[in-house]
Amino acid sequence: VTEYSSKSHRSTRASLRLSRRHVLRGVGVALTLPWLPSLAPRDAAAQTNVPKRYLPIYMPNGASVLWWRTTGAGAGASWQLSPLLAAFEPIKSKMLLLRQLGNFTWRDDLLTMNPGWTGTRTRNDFCGVCEMPNGAFIVPSHSRDPSAMLNCIDGDSYRSGRGQNPASSPLNGETVDQLIARSMPKDTALASMQLGLLDGVGSLDERHSALSRNMSWSNEGTPLGKDLDPGAVFDRIVNAGAGSSGMDQAAIAEAERRRALDLSALDAITDGTTALQSRLGQGDRERLDQFLTGVRELETKANTVVRAQASCELPMRPGMVSDAPLRAQTMNDLIVLAFQCDVTRVVSYMLDNSRSDMVYSWVQRRDYENGGAAVGGTATAYHESQHHTGTSPDFASITRWHIEVAADLLQKLDAVQDGVGEQPMGSLLDNSVVQFSSDMHHGDHASFDLPFALFGGKGVLRQDELVQLPEAVEDIRQLRDVYFTLLNEYFKLDVQSFGADKRGIPNALITEILA
Amino acid sequence: VAIPCLLGLHVSSCSSGLAKHFSTRNRPLVTLRRNFNPNVSRWASRGALGVGLFLVACSGEENTPGGLLPGANPSSVPSGASTSEGSPSAPTAGPSAGAPGGSSSNPPAQPTGMAIPSTAPPPPSLDGADVGSKVLHRLSNVEYDNTVNYLLGTSRSLADAFVHEEADGFDNIATALSMSPRQFEDYFAAAGVLADEVFGNPALRSRIVSCTLGAADPTCAQASITSFGLRAFRRPLEPDEQRWLEGVYDSALTLGETPDGAMQHVVRVMLSAPQFLYRAEFDSDLTSTAAHPLSGFELASRLSYALWANMPDDTLLSLASSGELSQPAILEAQVERMLDAPAAETLATNFASQWLGERHLSKHVASTSVYPMWTTELGQSMQREMELYFLDFLRGDRPYSEFLTADFNYVDAALAGLYGFEPPSEPGFSRVEVTNDLRQGFVGLAGFLTHTSRETRTSPIIRGSWILDALWCLKLVVPANLVIAPLPEPTEEAPKTVRELIAVHRADPACSVCHNLIDPIGLTLEHFDGIGRYREAYDTGLAIDASSELPSGAPVDGLVSLSEQVAADPRFVPCAAQKFNSYALGRATTDAAYMAAIVSDWGRRGLTLRNLIKASVLSDSFLQRRAMTP
């Protein structure tokens with residue numbers, strides 16, 4: 001599905017010199033993880049090459065109708081946030097809100113889309129049954145839709161095409177974050193990280209759990225999983241070399257010893273795996289090829305001496321935080337830390353699992369239609385609330401909570417400067433594309449008019465703008481084209497096509513989002 | 001006439017039904033009965049219909065063979081299986097064997113113990129049946145933790161931090177267990193942690209090294225590798241594996257490690273190796289797809305992971321080594337021994353807990369404002385009662401056919417309070433038989449009634465769907481083209497019962513194809529609230545109507561009659577066999593003919609859970625394998 005060749009592999013290693021002032025701004029929002037400034041640019045190139053990062057944030061189960069109650073359109077003061085999106089007000093100047101975006105051309109059932117269809121719903125309100133004149137319906141699925149969020153393909157066809165059972169196999173096409181991660185210059189210790197905030201359980205909609213609880217798939221089709229424990233995330237950042245510039249000689253010698261043993265062990269595991277493969281049939285050999293990919297990736301990591309790369313100081317290791325709001329702040333801090341220490345430039349972040357039925361007991365029910373006053377009680381189970389009608393305070397309040405988590409992260413990213421003090425390169429956010437989106441519109445499960453916002457991407461993406469894309473069904477702009485635009489125009493990768501369109505329509509740039 | 005509910009192997013069997021389905025809304029609805037042929041042997045249909053059923057709620061053409069499960073087509077059903085005459089433990093069906101397809105609307109005369117017809121059909125034919133292949137099977141997270149702790153003597157739960165994967169209702173389905181780079185990283189890190197612990201603890205180290213490592217005794221490293229290899233890889237090391245691991249030891253010495261450090265390095269490598277992390281089974285001829293028996297060691301692993309979710313113990317490894325394990329009498333004796341061992345409790349905590357939903361209680365949330373009695377501890381008590389209830393059947397003589405109708409409970413003080421029983425005289429759980437109430441059987445357990453409820457209310461739909469899937473193996477698949485609109489919400493001024501609220505489902509033909517099956521079952525349980533407490537009426541004061549008519553036409557009213565009908569259905573017993581075989585083999589389906597034979601053998605032995613396990617592991621589908629089609 002995806003063809004690409006990289007245009008540029010030049011080093012874009014960032015400087016991590018930070019002023020005390022920047023750091024204090026960075027921790028001003030939440031003091032769970034106080035960090036300290038890094039000191040020196042790593043190399044001269046850092047002063048001219050700005051890093052590019054990608055951070056997709058996933059909100060499951062669609063958004064409350066109040067998401068769409070924005071006013072105006074266009075740039076700056078000509079548009080205003082909706083009651084729910086108002087949590088983004090402090091970061092609105094770097095926000096690009098897209099309306100009418102769809103992600104459905106990978107589905108056979110929508111090939112029969114009737115051009116004359118105008119819909120039975122008003123787009124700004126509850127969709128009800130999105131029936132089309134010829135009887136086609138929008139597919140509701142909390143497994144198909146999220147698993148197409150970052151690759152825009154039909155995962156069922158992908159699995160079937162590889163001889164896999166579509167229902168029980170976790171395989172899926174490569175996601176855009178992984179395409180970016182393997183195309184970026186290899187000068188961070190980790191190509192990417194996958195994080196999760198909440199681990200709500202709900203029906204798997206008849207497919208493998210990975211399709212509801214995972215966001216990133218490798219180019220070999222394997223789900224990458226995610227870290228839910230802030231301590232484990234911290235360990236990954238540390239193991240990637242962050243904060244290691246101050247190690248003494250004894251510590252360096254011990255690290256060298258461990259590294260040699262790691263490489264020796266990985267080498268031995270490869271030998272043993274290859275020997276086992278020779279005794280197995282084709283299918284099992286291929287399963288062990290996946291295993292060997294993991295061994296090789298770890299070998300690459302062990303071979304990368306990262307101590308000298310990152311120079312940022314580390315906070316205390318966080319433990320597992322059971323309080324959801326505090327855990328959200330901690331996880332957000334860790335993402336900022338990962339970018340700040342430059343251990344990775346691609347992070348995917350699932351705020352909860354698709355069809356999570358977790359009870360959001362820490363969320364006060366509020367009436368966001370009328371100023372956000374508390375209306376008593378706390379929110380109910382997430383997925384159940386999605387199917388409450390209209391402006392249900394439960395669903396609106398849960399949606400709002402996810403928005404607040406993202407807003408916290410965005411402000412933290414914007415508070416930390418990339419680059420050298422004298423020649424600032426902008427904030428971490430400026431040099432990142434942060435995507436906040438869901439795979440479905442609302443309780444209707446519809447995959448058009450997705451909740452979708454981009455932040456950052458300074459210099460390439462428009463800032464502080466509400467972009468109304470075409471509304472007529474045959475003209476609906478597809479999510480795959482957003483990725484196509486980001487890949488080519490922001491990351492400067494020469495991507496010929498991305499995602500699937502069973503109508504055969506080729507990708508096209510969405511120029512409306514470009515500065 | 002369209003059959004709204006086709007029994008199909010896969011969703012795609014109705015992919016053509018999109019527009020057609022919704023253009024035929026006015027057609028009369030036909031229930032499942034057309035798919036059940038009452039002339040087919042009851043046993044055979046049990047076996048065949050229990051296999052991998054997916055209920056696809058969509059339209060299709062009547063009697064299209066391609067759209068039906070092979071076994072549901074009478075001509076392809078294996079001819080019936082024999083059962084011992086008059087077996088007291090055989091389940092009953094209505095007078096017409098095809099219920100609910102049969103025309104009977106009469107409940108059976110008695111819930112259990114009905115005699116098998118004397119004209120027993122011949123055993124099912126296995127001609128052309130397929131023992132099946134199985135992909136390389138990674139240890140599940142539970143199996144991983146059990147295995148490392150048994151192997152090393154540790155007591156860690158490292159797999160808690162691993163990726164959790166599940167499909168087809170179980171977390172040990174081989175095809176669903178993947179190996180991403182991140183998972184390998186986790187295994188590699190865990191191996192390091194474990195090796196560190198073992199070599200930092202003389203007692204644990206001595207389980208692996210019982211001689212003096214070092215230049216003075218070069219055979220010590222070799223012997224340690226050989227003996228640890230047998231247990232870690234669950235089979236003797238191949239000569240080239242022995243050489244490989246001795247080389248790993250030497251290379252660590254070359255890197256400057258001490259002999260002890262080098263052996264720790266070997267252990268770390270072995271715990272990260274696919275020979276440990278996967279349960280490999282081998283085909284001597286990869287070009288042939290003919291069935292062949294498993295090796296003794298492969299069989300020992302299948303057996304121990306099925307019954308204990310753990311590696312084989314020394315007894316099993318020894319019997320595997322001598323070849324004796326493959327002898328049916330010895331195998332059967334080992335099953336007996338294993339089921340008597342404490343480790344067999346994993347059948348409750350791992351198998352039944354996924355099959356019947358106990359596991360969900362650990363994450364269940366109920367509203368304390370609606371249910372002031374609810375606490376996390378009460379949820380744990382409910383979970384434990386479900387396990388004890390299952391273990392009562394596993395360890396006792398009671399046949400599975402009574403799983404829904406037996407009238408006993410395991411209660412601690414909290415559960416006794418919930419049930420309105422006398423508190424037990426001793427702390428902990430007591431087995432009680434209270435027969436003067438309306439609670440009985442598995443469906444009456446508070447745990448089941450709770451985990452199938454919402455936070456603040458019951459959900460007849462979740463309850464009904466669970467019963468259909470867990471007890472009849474009827475998995476309802478939402479049609480690929482349907483949006484489920486939310487139900488209207490009642491107002492405080494005009495409260496409605498859940499029966500009234502969900503009536504809209506059965507009024508709409510697009511919904512009723514499934515809800516005609518689900519709702520009548522769920523609605524009969526309305527006398528039990530969202531934490532399984534008995535109630536006479538709703539809190540709103542509205543009366544509870546727990547009467548229904550099942551798809552078979554059988555009238556039911558309340559838990560007791562529902563349980564009798566569900567247990568009497570011909571899908572009930574084969575479904576348990578299907579679930580166990582999915583779990584035991586780690587694959588979603590087993591060949592229909594083998595399933596029929598297993599169910600037949602189970603019936604012949606008497607329907608205890610022990611006999612289900614024996615019939616399953618003595619089947620060639622457990623004892624044999626074949627190479628995958630290239």
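This is a predicted model: local features need pLDDT of at least 70, side-chain atom pairs count only at pLDDT 80 or more; totals for chains, interfaces and linings use all residues.
Local features need pLDDT of at least 70 and side-chain atom pairs count only at pLDDT 80 or more, while totals for chains, interfaces and linings use all residues. Residues are numbered from 1 along each chain as written, chains are lettered from A in the order written, and side-chain values use heavy atoms, without hydrogens and water.

**Exercise 1.** Classify the ring pair Trp362(A) and Trp401(A).

Step 1. Rings of Phe, Tyr and Trp (its six-membered ring) pair if their centres lie within 6.5 Å; planes under 30 degrees apart are stacked, over 60 edge-to-face, and the rest tilted. The structure holds 39 aromatic pairs over all chains.

Step 2. Here the centres are 5.4 Å apart and the planes stand at 65 degrees, so the pair is edge-to-face.

Step 3. Buried means under 20% relative accessible area, exposed over 50%, and partly exposed in between (1.4 Å probe, protein chains only). Trp362(A), at 24%, is partly exposed, whereas Trp401(A), at 9%, is buried.

**Exercise 2.** Classify the ring pair Tyr144(B) and Phe276(B), and state whether each residue is buried or exposed.

Step 1. The centres lie 6.2 Å apart with planes at 70 degrees, so this pair is edge-to-face.

Step 2. Tyr144(B) has a relative accessible area of 0% and is buried; Phe276(B), also at 0%, is buried.

**Exercise 3.** Which ring face does Lys52(A) lie over?

Step 1. The test requires NZ of Lys or CZ of Arg within 6 Å of the ring centre and within 35 degrees of the ring normal.

Step 2. Lys52(A) lies over the face of Tyr490(A), 4.8 Å from the ring centre.
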